[in-house]
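Let's take a walk through this model, with an eye on one helix and on some charged pairs. Have the viewer open as you read.

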Amino acid sequence: MLCTRCPLKPGILPFSLHKANGISGTKAFLSRQVAVATVALWFRRSGRTALQAAVYRSRFQRRSKASRRDPVAEPAPRCPPLTAPDCNEYETDLQRKTTVVQQLLAEHLAKDGVEMDVVPSPELLHYRHRLRFELRHAENETVQYIVMDPESQTWVPVQTYPIASQRINQLMSDLQAALAEEDKLRWRAFQVELLSNTAGDALAMIMYHRRLDDEDASRAQDLAERLDATVVLRARRQRVAFPARRSYLVQENQVAGKSYPQRLLESSFFQANLQLNQLMQTWLVKEVGDMSERDLLEIYCGNGNFTLPAASSFR
């Protein structure tokens with residue numbers, strides 16, 4: 001079986017085909033190692049960068065590993081929410097999820113003598129404030145946002161994203177138009193990440209398979225002014241941003257009458273549903289109560305999302 005997108009020879013079959021053909025596990029393991037080595041050799045001979053080779057090798061290994069899993073144990077694939085969900089079904093879906101979770105935790109809830117609190121999402125649409133897309137370069141010198149469809153295992157183009165904030169949806173359109181008009185900005189871009197906060201501020205990050213030069217600083221500034229957003233351009237071990245001194249977003253969370261500012265950075269984790277996150281912070285402070293005589297040691301605080309509000313209750 002010959003794959004046109006991979007330099008694998010016809011004799012080197014994916015593990016799933018080995019298994020179907022009755023080939024032993026040892027031979028399948030060796031053939032996978034040969035396949036990975038063949039990919040690496042092809043990248044070196046074709047002049048691809050080490051970063052591209054690492055990304056390609058990682059994807060191959062993940063798919064090879066996925067093919068070895070028991071298909072019976074796999075969860076049902078979940079398609080990307082490219083169409084708006086039916087908000088009228090939210091209460092039914094929430095009740096179904098609540099029932100499942102209560103059944104899973106029934107023993108622990110009964111043992112501890114507590115009841116499970118259910119907090120509905122304050123926003124049924126446009127609640128997500130962080131997105132990442134791969135880029136596909138079209139023949140007409142434009143780019144498309146694409147995501148992987150788990151059901152068909154194909155890349156599908158995206159024009160809008162209903163569960164993302166309205167600011168991100170606007171940023172998607174504006175950025176796509178800017179990339180289509182500026183070939184230098186578009187050249188070898190392969191990924192974008194879009195952030196927003198509840199105040200309407202936005203950040204656009206573009207990843208490149210090339211070295212950034214001195215002109216990219218002015219390109220970042222021009223793009224930031226056009227998008228009315230913070231712009232970050234990144235390549236391997238390089239980062240150019242405008243504005244340079246504040247290349248992040250600030251999310252103000254009001255919890256128990258206090259304001260907790262939080263920095264939202266590209267390529268870093270934060271709770272993407274910011275409205276629901278504020279409700280979680282409020283719930284945490286309420287449940288902790290008065291702990292003024294005790295100390296708090298948070299081993300894994302991340303960006304302090306829950307640690308900072310909870311710290312006000314401790315000594």
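**Salt bridges and a helix**

Glu266 is buried, with a relative accessible area of 7% (buried is under 20%, exposed over 50%, partly exposed in between, using a 1.4 Å probe and protein chains only). Keep in mind that this is a predicted model, where local features need pLDDT of at least 70, side-chain atom pairs count only at pLDDT 80 or more, and totals for chains, interfaces and linings use all residues. Residues are numbered from 1 along each chain as its sequence is written, and side-chain values use heavy atoms, leaving out hydrogens and water.

The partner of Glu266 is Arg239, and their closest N and O atoms are 2.9 Å apart in a salt bridge (a side-chain nitrogen of Lys or Arg within 4 Å of a carboxyl oxygen of Asp or Glu). Arg239 sits in strand β7 and Glu266 in the loop between β9 and α9, so the pair ties together parts 27 residues apart in sequence. Helices (H or I, at least four residues) and strands (E, at least two) are DSSP runs, numbered from the N terminus. Arg239 is partly exposed at 40% relative accessibility.

Now hop over to helix α8, where Glu215 and Arg219 lie 4 residues apart, about one turn. Their side chains meet in a salt bridge at 2.9 Å, N to O. Glu215 is partly exposed at 48%, whereas Arg219 is buried at 13%.

The salt bridge count comes to 10.
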